[in-house]
Amino acid sequence: MPLPPEWDDDERMNFLFSEFKDNREVNTTDWDSKMDFWTALITQSCRDRGSVCVNLQDLNKTFRRKEKCPLGLPTVLQSMARSGKLQRESEFAASVDSGWLSWGVGLLLVKPLKWTFSTLLGSSRVPLEESFVVIELVKEKASELLRAYRSSELSNSSVLSFQELCTLSADICADESTLCMALLQLQRDKQVMVSIHEGEKIVKFTQPGQDRVSPVNDVDIGIYQLQRSEKLLGERVEKLGIEAEKCKDEARLLLREGKKSQALRCLRGRKRVEKKADSLFAKLETIRGILERIAQSQTDKMVIQAYQAGVSALRLSLKDVTVERAESLVDQIQELCDTQDEVNQTLSSGVAGADEDMDALEEELKSLLDDSQADRAPGLPKVPSDRLPQTTPVSDLLSSLPAVPHGPLTITDEQLEEELNNLTLAESGLQQKKTSPAQRLEFAQ
């Protein structure tokens, strides 16, 4: 941590390391100068370390100079706490959650939050291990975390797991405790809601257009479970695809080495893997379809709300409208519609003329082709002028294909033998391509 320039000035530092006077009114200038120096230095040291919490024991180690510790740090911490710049960690959590004890037993915070004897008895002493939250820094971390969420791909999901949030905030929060403090601040600002589901911590973020986050409900839990299932199935299908390709490559290698029976076993394994992958992919598509329907329902809900707002606005706008004014507007609209019909008719006639010009150009192009055929060299075939036969429609082609089998997968040894022969022919063709023309001529002789 960079130290201030006066850190090397012994006279100045002796004054700053001394205790505060009991009465500030004796010398307000010296008191305020010393207080401002340590307040700014404590805040900056926490910011440089990426932490939002501080205690007296760590401050004594950080600011130790020539085997001496600052004697006025307890007074500085008390003054910062009275001005709202610091808050005890236990009080900070208790002011957000329904009870500090639920945070202390490990539901969210990494370490338990303590109510010390000094807090209970109202003592003015500051214990060495009493942890304080720097309000300015925790608000900065909370804002950075919220921006990181809204700019990431995870913003499509309103509910995230705590592990996903740890990964997202790796570059923002130095440790898990700092992340928890940022979440507490966001919960205080009504931007997140932390809950426990089946022993797992989940975090719900507020969505665009919402002033405050709503509690986690059954719909949020259902969507969260579907999204987790989609992610897990997608990863599993991808792994099975890699495994199937590995079996194919292994079968090709064994075939090169002449191990035909082992190659057959590899191909059987590949078929089993592909069948399993197809089954998982079908389930994955089902889950994706459900999520799309949920998203569509949410969109429909927004549309209905917009309709309701529109009806209310329309009711207000029609409050002073008379029948005569409405008839006048209808007449004006009818005139505009007639004008538009005339414009459309004019444009349509222009397009038709363009089509006629195009037909004339095609006729001229055809005559040029006929003249070029008349001047062609003798012996060359005549260029056909008839239209090509129309291809079979796609629907007829699909209907002519055999039906997709739905029964259990049965692979006979003859089919496997045929696939091995195809691999052998492919390898032979590859080796023949690699052979030079001179070598092929030598082999032919």
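The structure is a predicted model, in which local features need pLDDT of at least 70 and side-chain atom pairs count only at pLDDT 80 or more, while totals for chains, interfaces and linings use all residues. Residues are numbered from 1 along each chain as its sequence is written, and side-chain values use heavy atoms, with hydrogens and water left out. The chain has 16 helices and six strands, these being DSSP runs numbered from the N terminus (helices are H or I with at least four residues, strands are E with at least two). Of its 445 residues, 29% count as buried, where buried means under 20% relative accessible area with a 1.4 Å probe and protein chains only. Among contacts between residues at least 6 apart in sequence, 66% join residues at least 24 apart, a contact being heavy atoms within 4.5 Å.

**The sheet**

- Three strands form an open sheet in the order E4-E6-E5, with antiparallel pairing; two strands pair if DSSP finds at least two bridges between them.
- The edge strands, each of which pairs on one side only, are E4 (159-161) and E5 (192-197).
- Direction ignored, neighbouring strands of this sheet are turned by 30 degrees against each other on average.
- Axes are lines fitted to C-alpha atoms, for helices over the stretch in contact, and angles between N-to-C directions run from 0 to 180 degrees.
- Helix H10 (residues 176-188) packs on the sheet and touches both E5 and E6, with a direction that makes about 115 degrees with that of E5.

**Strand pairing**

- E5 is joined by six bridges to strand E6 (residues 200-205), and the two run antiparallel.
- Within this pairing, Val194 has Val203 of E6 as its bridge partner, and Met193 stands opposite Lys204 in E6.
- The hairpin of E5 and E6 has two residues between the strands, and Glu198 takes a positive phi near 55 degrees there.
- E4 and E6 also pair in the antiparallel sense, over three bridges, and the bridge partner of Ser161 in E6 is Ile202.

**The largest cavity**

- A search of the whole structure finds one cavity of 30 Å³ or more, a cavity being a set of points, on a 1 Å grid over the protein atoms alone, where a 1.4 Å probe fits but cannot get out.
- The largest cavity has a volume of about 30 Å³, where grid points are joined across faces, edges and corners and the volume is the space filled by probe spheres set on the points.
- Its lining, meaning residues with an atom within 4 Å of a point, consists of Ser45, Arg49, Asp58, Leu59, Thr62 and Phe63.
- Helix H2 (28-49) and helix H3 (56-62) are the elements that give two or more residues to this lining, and H3 supplies the largest share, three residues.
- By class, the lining of the largest cavity has two nonpolar, two polar and two charged residues, with Ala, Val, Leu, Ile, Met, Phe, Trp, Tyr, Cys and Pro counted as nonpolar, Asp, Glu, Lys and Arg as charged, and the others, Gly among them, as polar.

**The second largest pocket**

- The second largest pocket has a volume of about 430 Å³, a pocket being an open set of points with protein on both sides within 12 Å along at least five of seven lines.
- Of the 14 residues that line this pocket, Leu154, Ser157, Glu164, Gln227 and Lys231 are the closest to its centre.
- E4 and helix H11 (218-256) are the elements that give two or more residues to the pocket lining, with the largest share, six residues, coming from H11.
- By class, the lining of the second largest pocket has five nonpolar, four polar and five charged residues.

Key:
Buried means under 20% relative accessible area, exposed over 50%, partly exposed in between (1.4 Å probe, protein chains only).
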